[in-house]
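Colleague: Before I use this model, I would like to go through the labels attached to it. Please give the value behind each one.

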Protein chains: 2
Amino acid sequence: MILRNLKAEGLAHNTYFIASGEEAVVIDPRREPADLRECLDLARESGAIIRYILETHRNEDFVHGSLELEKMTGATIYHGASLPFKYGQPLRDGDRITFDKLSILTMETPGHTPESLTYVLYDQKYPDEPLATFTGDALFVNSTGRIDLPDENEKHVNAGKLYDSIHGKILPLGDHVVIYPAHGAGSVCGSGMGDRDWSTIGYEKRTNPHLQLGRDEFIEYKVGEKFVRPPYFLRMEDYNLNGPPLLESRRAPVPLGVQTFDRAMRQKGTEVVDIRLPQAFGGGHIPGSYSIWLGGMALFPGWLFDYETELLLVPYEDEDAWKADRLLCRIGFDQVYGYLAGGFEPWQNAGMPIEFTGELPVDALKPLMDTSDIRLIDVREPREWQNGIVPGALLRYVGHLKTDLPDVPRDRPVAVMCSVGHRGSLGASILQKAGYGQVYNVPGGFTAWRARDYPVKPAK
Amino acid sequence: MILRNLKAEGLAHNTYFIASGEEAVVIDPRREPADLRECLDLARESGAIIRYILETHRNEDFVHGSLELEKMTGATIYHGASLPFKYGQPLRDGDRITFDKLSILTMETPGHTPESLTYVLYDQKYPDEPLATFTGDALFVNSTGRIDLPDENEKHVNAGKLYDSIHGKILPLGDHVVIYPAHGAGSVCGSGMGDRDWSTIGYEKRTNPHLQLGRDEFIEYKVGEKFVRPPYFLRMEDYNLNGPPLLESRRAPVPLGVQTFDRAMRQKGTEVVDIRLPQAFGGGHIPGSYSIWLGGMALFPGWLFDYETELLLVPYEDEDAWKADRLLCRIGFDQVYGYLAGGFEPWQNAGMPIEFTGELPVDALKPLMDTSDIRLIDVREPREWQNGIVPGALLRYVGHLKTDLPDVPRDRPVAVMCSVGHRGSLGASILQKAGYGQVYNVPGGFTAWRARDYPVKPAK
């Protein structure tokens, strides 16, 4: 038996490949050419044919690759029965699929979504001994799936369903059963996940804080969890219910010279995204560009842009533009216009206009806050504010900043802070583009502020 | 027959691997573990044993890998006869080595160094028809080797020798013969080299500007070429004559946490080198660090540091520290103390002190030059000044800046300019570390200045 986790950094998502003899199963493939290629390569290396594609649930944070993989392999797609999917076959509680010496049992485990499934892997030689379980977004390492997505007004109901799914179905499988969740640390589908991709039921029962709670406590805790909901989730839900556009018409990123790039950025419907780290962005960038560091490209374009916007990327080195395009493809953005070939430097060498973002380290920010000579905007998520904020900070999540600009004077200094300075740089670029005149990012953000023992107060 | 160029970016140096049947020859190997590994991998893939290691000459810009490769393979080392090498065997004009179906003829071609050899490759089936020639630092694509290194006072003599070597020995091999030089564009061993790694004698005779000159003109031109001579060349000459230290005791780079890095940089004999691009350096760096972009690590440490200095690197991403270490190893620097794990950001996130370098685009520099409100230092090489300078600029090559600080007020603004902004950032970091208070790098440098059609005057 071969079991491999095909991990997507940024998304922190796990696709699983399982082969036995000449047959293989893929759980939750992603629609991105290199991700799909990895599935095919594994099949080739293990000498197996991909027979089945199993989806744990209709995901919100990336595009399913099931239809692409079906097209490439002829495999059959399965998923939950209680949503009106336009493709694939339904599986119900107790259904089993078998391949070579293995079998997979289906358990309906609603809560995160109504049709969420948990898959249980068996060796057919021991039909009563579950070996491992693929828990999707129900049970994570050290956490559980968010329950706000199906309906903001039904959080109590869905938290209860999730509790019953976990305690009534998953945990009874037995302490020795290995857990393979769909997400790890950094995913937007939960919070507090461990940075390990595997666990056992017994270990989670002993250590996962969510599993220490009784049903009512669990519901209260889950209902109180604060999550943001990026607008692109709606598009993902649509794609993953009805089938996404196939990849065959998707363009590869195109390297652009300075003059071509300059012309393209003046066209309607394009936006420039600088994917270098904040220090590099601060030290010189193209006027009007957004600052989204490479890792953030797995998420923040979904907050800022609609799916028709054509993106022009400014990489640190060319290869990073291709990496960013992979991340964009995973969240369904198929409109990368191209990237500035050679990174930012050809732009500056051509004598093109350059804009700067100020950098205000916490040691310089502190006295300005004391004298109220600057306005500070904390662009972290609400759940991060719960652990404390800088006194006097105005709170606005970075994803909401573009459409809900802060009411502070545009001709006075304004600093933007997040946890370390990545989202802060994005926030600063949003304000700069919106016409605020003296914008600073705070390198190190709240982490550096805390490290210097500067005052922190609870958020209201 | 298998012929492969093992190219080192940065150095722009070519090692050649030639195999026929079960025997192979390596020309000019470099002493860097991955470079040596590449030779062994090629031998393995081609099913050949490396029998001979041929050196074209005692190089000045990198450490020979001949002794290491001899130790690994038992191959015999050969080089020129007219220097007192402490290792290897001498080859003289007309000597031949044969391996399987091929043979290599030795031609003594002095000029660049007194013992420079050119190797000529033959198929033994056609003993009178040279197939290709390895011209070392005598003849390059579009250029010829520098002749100032053996003796500044004997440039006329050595230019004449080089002319005779090229016109008397190399060119007569025939127009059809393929040329494989030791260096390409970007090397410090010549100027104006083409960015192609191969040519033919006939093509060079038609297009190489140096080959269009008569003997006297050639000598006059070569004597007038301006080159800088980094102090580390002396160490390279010593290593390559007497044999460099073997690699077995060389440490691998060590990832360091913020506190460990901070302690290490306070130790005597250490220096911090920030290997990110200038924009990132400008947007926040560790106080007292030098700015040498990754590609510049093939050269500039040899200007700034002695061989006992232990270097602490600040990478854009960890992998870059390992790349930098390869470059350092090639020029004999075996004292990398370690690198800041995770790049600059863990430093800022810990609330450690941050310093900034100003960035002054040419559009902002121009009016300040007009009103003499800033001093401008042009840190390019003398041969670059020959094509024009900014009126009012003070000229000082970046390699000389640290030991010959410019006599400008330390409390007034000073801008540093090179061709595009890389060496400018190094220059700015040198001045900042030396206590100049308001230091700016000029992004885009002289290239951007020219692109904006700002005034240029000839250098004196």
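Colleague: What makes the pair Asp334(A) and Arg31(A) a salt bridge?

Modeller: This is a predicted model. The side chains of Asp334(A) and Arg31(A) come to 2.7 Å, N to O. The cut-off is 4 Å between a side-chain nitrogen of Lys or Arg and a carboxyl oxygen of Asp or Glu, so the pair qualifies. Asp334(A) lies in the loop between α10 (318-330) and β19 (336-340) of chain A, and Arg31(A) in the loop between β3 (23-27) and α1 (33-46) of chain A.

Colleague: Why is this pair said to link distant parts of the chain?

Modeller: Asp334(A) and Arg31(A) are 303 residues apart. Over all chains, the count by this rule comes to 68 salt bridges.

Colleague: What area do chain A and chain B bury between them, and how many residues does each give to the contact?

Modeller: They bury about 2400 Å², with 54% of it on carbon and sulfur atoms. Chain A gives 27 residues to the contact and chain B gives 27 residues.

Colleague: How do you know that the copies meet through the same surface?

Modeller: Of the interface residues of chain A, 100% are also interface residues in chain B, so the surface is the same.

Colleague: Why are the two copies described as related by a two-fold rotation axis?

Modeller: Chain A superposes on chain B by a rotation of 180° with 0.1 Å of shift along the axis, at an RMSD of 0.0 Å. The copies are therefore related as by a two-fold rotation axis. In chain A, the C-alpha nearest that axis belongs to Ala280(A), 1.8 Å from it.

Colleague: Which domains does the assignment give for chain A?

Modeller: Domain 1 covers 2-241, domain 2 covers 250-349 and domain 3 covers 358-451. The C-alpha centres of domain 2 and domain 3 of chain A are 23 Å apart.

Colleague: How do you know that domain 2 of chain A and domain 3 of chain A are in contact?

Modeller: The cut-off is heavy atoms within 4.5 Å. By that rule, 17 residues of domain 2 of chain A touch 16 residues of domain 3 of chain A. The two domains bury about 1400 Å² between them, 63% of it on carbon and sulfur atoms.

Colleague: Which residues make the salt bridge with an N to O distance of 3.3 Å, and what makes it one?

Modeller: Lys433(A) and Glu271(A). Their 3.3 Å is within the 4 Å limit, so the pair counts as a salt bridge. Across the interface of domain 2 and domain 3 of chain A, the rule finds one salt bridge. Seven residue pairs are in polar contact between these domains, both residues at pLDDT 80 or more. On the domain 2 side, the elements giving two or more residues are α8, β17 (290-291) and α9 (301-304) of chain A. α8(A) gives the most, with four residues.

Methods: Residues are numbered from 1 along each chain as its sequence is written. Chains are lettered from A and ligands numbered from 1 in the order in which they are written. This is a predicted model: local features need pLDDT of at least 70, side-chain atom pairs count only at pLDDT 80 or more; totals for chains, interfaces and linings use all residues. Side-chain values use heavy atoms; hydrogens and water are left out. Buried area is the accessible area (1.4 Å probe) that two parts lose on being put together, summed over both. Copies are superposed by least squares on the C-alpha atoms of residues with pLDDT of at least 70 in both. Domain bounds come from an automatic or database domain assignment. A polar contact is a pair of N or O atoms within 3.5 Å; within protein, one must be able to donate a hydrogen and the other to accept it, and residues adjacent in sequence count only if both atoms are side-chain atoms.
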